[in-house]
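Subject: Structure for you to look at

Hello,

Here is the structure I said I would pass on. Please open it first, then read my notes below.

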Amino acid sequence: MAQVLNRFRQQLREVVMREGKSDELTQNLVEFEKRIECIRNGCVAVKKLSNTILGSGSTPEKYQRKIPQFSAGQAMVESADNMEEGLFKDVLKMVGSTQTDVGAQLANYEMELSENVITALTDMIEEDMKKVDKSRKKLSSARLDMDAALNRVENMEKTLEKAQRELNFGKLEALKAEADEASRKFYTCQDAYATDMLTVLSREREYVEKLAHLVKIQLAYHKQAVTSLDSLLPHLEKRMNETQERPVFGCPLEEHLKVCKQDIAVVLSTCTTALRDKWMDTEGLFRLAAGAAKIKYLKSSFDAGQKDVSDHDPHTIAGCIKMYLRELPEPLLKFELYSEWLKAAGIGDSNERLQAIWKVKQKLPKQNLDNLKYLIMFCKELVQHSEATKMGASNIAIVIGPNLLWQKENEDDPGSVFSGLMVDTAMQTRLVETMIECCDWLFQDAQDENPPTPTTPPSTTTTTKPTNELKSS
């Protein structure tokens, strides 16, 4: 008890006066402590990886069930098994199966990470630091004991006069012997502390090997996951390419025709055939607007692979044609030919205008030219019913023209598209009107860039003059 009180007094004296304190650590010991503290902090940092662990369980089977990818993959496969045959079922089952594989791989990685990296490093550093901390406490205690013993000798020598020292020689020698023993014990503890720290530092490679193992198992997991996903992708793409079930609207024309394996877009061929069968005498066809909800419904039907339009009214069918043309990523008459089309349409002389239109037309890709010809020839048929429909070539051009040609938006100046809009619209109308009126000559099978020379100037059909009502549309 007296020894504990003396140590407490010594500590209190050091705090208040900072006197009589021996150097506890050598420069080497200070450096050792810094290096060990870095290792300790590094192990604590690695332990934070436990926050990334998703699974739990004593066996691989139990552990996997806690991995979201694994459980989600199993649910996908089970859901696919309960579906009717089709694209979605096949793809869902393939993706689900791969997800379970990736989930199992993740479970193996997490179990290895937890056991052989995080837990191993934590156990190593805790075991090593327990010895180091114990030695550090012993050293601090020994230093206090040594300083106390030395102070007692110093104080006795100061207070006793020379004569008294001779009388108390035995007592003073006993204090010196006690101080020598305390000093010996302190240096012994200092050496022991150094030994324990060096033991930890000698295991530095073992700590590093755990970090290297972390990288190896991470790499192995990611390689396995990439292999699984990489092997899945070709099968997915093959299965997706085997079906024609894909959206029609907004799909590039060339891609759409390749998928449906025909020369004319499905919407154009289906809708014009339906109109041709029984709706060619409908007044205001293409001009009178159908309900937006009805057109969207028909659009969704096409996108879903449903091509039956028999339940829809003629205005909805015509509106669907215009929407399809307008939602093409690039207009049927092509962005890059925009200026050339307008320039050709602006020529006053009819013969020269036709020849200029011919030259621009020849620059169209084959699929665009085929579909343009198909549509314009249909419009020519419709003009022949103009007495009933009140839709002559000019009227049809007004409502069809803006859906065949528009200017590409300038990303740096989006508002530039609207400049000169009225003039451009007028030229679009004139262009399409000319195409309709002279379609037989314009779309003859000649493949030359230069137009064939007609024996007589190309004639135009007589069109119904637009009424005020038609103009307003």
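Start with Ile317. Leaving aside neighbours within four places in sequence, Ile317 is in contact (heavy atoms within 4.5 Å) with Cys271, Ala274, Leu275, Trp279, Leu298, Val309 and His312. Ile317 lies in helix α12; helices (H or I, at least four residues) are DSSP runs, numbered from the N terminus. Ile317 counts as buried because its relative accessibility is 1%. The cut-offs for that term are under 20% relative accessible area for buried, over 50% for exposed, and partly exposed in between, with a 1.4 Å probe and protein chains only. The C-alpha atoms of Ile317 and Val267 are separated by 9.3 Å, and these two residues are 50 residues apart along the chain.

A note on the source: this is a predicted model, in which local features need pLDDT of at least 70 and side-chain atom pairs count only at pLDDT 80 or more, while totals for chains, interfaces and linings use all residues. Residues are numbered from 1 along each chain as its sequence is written, and side-chain values use heavy atoms, with hydrogens and water left out.

Next, helix packing. Two packed helices are described by the angle between their axes and the distance between the axes. The axes of α12 (residues 314-326) and α17 (residues 393-404) come within 8 Å and cross at roughly 30°. Here the axes are lines fitted to C-alpha atoms, for helices over the stretch in contact, and angles run from 0 to 180 degrees between N-to-C directions. The angle makes α12 roughly parallel to α17 (under 35 degrees; over 145 is roughly antiparallel, 65 to 115 roughly perpendicular, the rest oblique). On the α12 side the contact is made by Lys322, Leu325 and Arg326, and on the α17 side by Val399, Ile400, Pro402, Asn403 and Leu404. By class, this contact has five nonpolar, one polar and two charged residues. In that scheme Ala, Val, Leu, Ile, Met, Phe, Trp, Tyr, Cys and Pro are nonpolar, Asp, Glu, Lys and Arg are charged, and the others, Gly among them, are polar.

Ser394 is also placed in α17. Is Ser394 buried or exposed? With a relative accessible area of 13%, Ser394 is buried. Apart from its neighbours within four places in sequence, Ser394 is in contact with Thr429 and Glu433.

Now the aromatic rings. Rings of Phe, Tyr and Trp (its six-membered ring) pair if their centres lie within 6.5 Å; planes under 30 degrees apart are stacked, over 60 edge-to-face, and the rest tilted. The count by this rule is six aromatic pairs. One of them is the edge-to-face pair of Phe286 and Phe378, at 6.3 Å centre to centre with 70° between the planes. Phe286 is in the loop between α10 (266-278) and α11 (292-303) and Phe378 is in helix α15 (residues 366-383), 92 residues apart. Phe286 is buried at 1% relative accessibility, and Phe378 is buried at 0%.

Trp358 and Trp441 form a tilted pair, 5.5 Å centre to centre and 50° between the planes. Trp358 lies in helix α14 (residues 350-361) and Trp441 in helix α19 (residues 439-442), so the pair ties together parts 83 residues apart in sequence. Trp358 and Trp441 are buried.

Lys361 lies over the face of Trp358, at 3.5 Å from the ring centre. Likewise, Arg326 lies over the face of Trp406, at 4.3 Å. The rule for this is NZ of Lys or CZ of Arg within 6 Å of the ring centre and within 35 degrees of the ring normal.

Regards

Terms used: Helix = DSSP H or I, 4+ residues; strand = E, 2+ residues; numbered from the N terminus.
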